[in-house]
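I opened this notebook to record what I looked up in one structure. The entries follow the order in which I consulted it.

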Amino acid sequence: YGSGLRKVCSMNDNGRPRNRVDSYVGHRLCTQRLSRSLSREQLAERLHTHGPMIQRYENGLERISASRLYEIGKILDVPVAYFFDGYAESEFRPGDL
């Protein structure tokens, strides 16, 4: 993805520790949401939540439950495994993007 997408999906550090897996899943959520041309608010509406919660998911500041991840996958038309693809092989760290 181009540098613009990387910037939009980058994770800001608010001084709170983040779990690497949560951050990776959040980044995958962000890139897939943007590839579908959905705003955070549009996705939030379909999930019956609010835009700031989607931002917290994408930034790895809020853990996504299994049932919520399943719903997100259905909306974005990807399997749940998509959000974890490549993680085991990656050297991903929250501040890398």
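I began with burial: a residue is buried under 20% relative accessible area, exposed over 50%, and partly exposed in between, with a 1.4 Å probe and protein chains only. This is a predicted model, in which local features need pLDDT of at least 70, side-chain atom pairs count only at pLDDT 80 or more, and totals for chains, interfaces and linings use all residues. Residues are numbered from 1 along each chain as its sequence is written, and side-chain values use heavy atoms, with hydrogens and water left out.

**Entry: the chain as a whole**

I looked up the helices and strands, which are DSSP runs numbered from the N terminus (H or I of at least four residues for helices, E of at least two for strands). The protein chain has five helices and zero strands. I noted that 43% of its 97 residues are buried. I then took contacts, meaning heavy atoms within 4.5 Å. Of those between residues at least 6 apart in sequence, 68% join residues at least 24 apart. By the Shrake-Rupley method with a 1.4 Å probe, where for residues only the protein chains shown count as cover, the chain exposes about 5,700 Å², and carbon and sulfur atoms supply 48% of that area.

**Entry: aromatic rings**

I searched for aromatic pairs: rings of Phe, Tyr and Trp (its six-membered ring) with centres within 6.5 Å, stacked when the planes are under 30 degrees apart, edge-to-face over 60, and tilted for the rest. The count comes to two aromatic pairs. The ring centres of Tyr24 and Tyr87 are 5.2 Å apart and their planes stand at 65 degrees, so this pair is edge-to-face. It links distant parts of the chain, since Tyr24 is in helix α2 and Tyr87 in the segment after α5, 63 residues apart. Tyr24 is buried, at a relative accessible area of 10%.

Tyr82 and Phe83 form an edge-to-face pair, with 5.3 Å centre to centre and 80 degrees between the planes. Tyr82 is buried at 12% relative accessible area, and Phe83 counts as buried at 0%. I also checked for a charge over a ring (NZ of Lys or CZ of Arg within 6 Å of the ring centre and within 35 degrees of the ring normal). Arg28 lies over the face of Tyr82, 3.9 Å from the ring centre.

**Entry: salt bridges**

Side chains of opposite charge can pair when their charged atoms come close. I counted a salt bridge where a side-chain nitrogen of Lys or Arg is within 4 Å of a carboxyl oxygen of Asp or Glu. The count comes to five salt bridges.

Which elements hold Glu58 and Arg33? Glu58 lies in helix α4 (residues 51-58) and Arg33 in helix α2 (residues 20-35), so the pair ties together parts that are 25 residues apart in sequence. Their side chains meet at 2.5 Å, N to O, and both residues are buried. Arg33, Arg40 and Glu58 are linked in a network of salt bridges.

Arg56 and Glu62 meet in a salt bridge at 3.4 Å, N to O. Arg56 is partly exposed at 27% relative accessibility, and Glu62 is partly exposed at 29%.

Glu71 and Arg68 meet in a salt bridge at 3.6 Å, N to O. Being three residues apart in helix α5, they are separated by about one helical turn. Glu71 counts as partly exposed at 32% relative accessibility, whereas Arg68 counts as buried at 17%.
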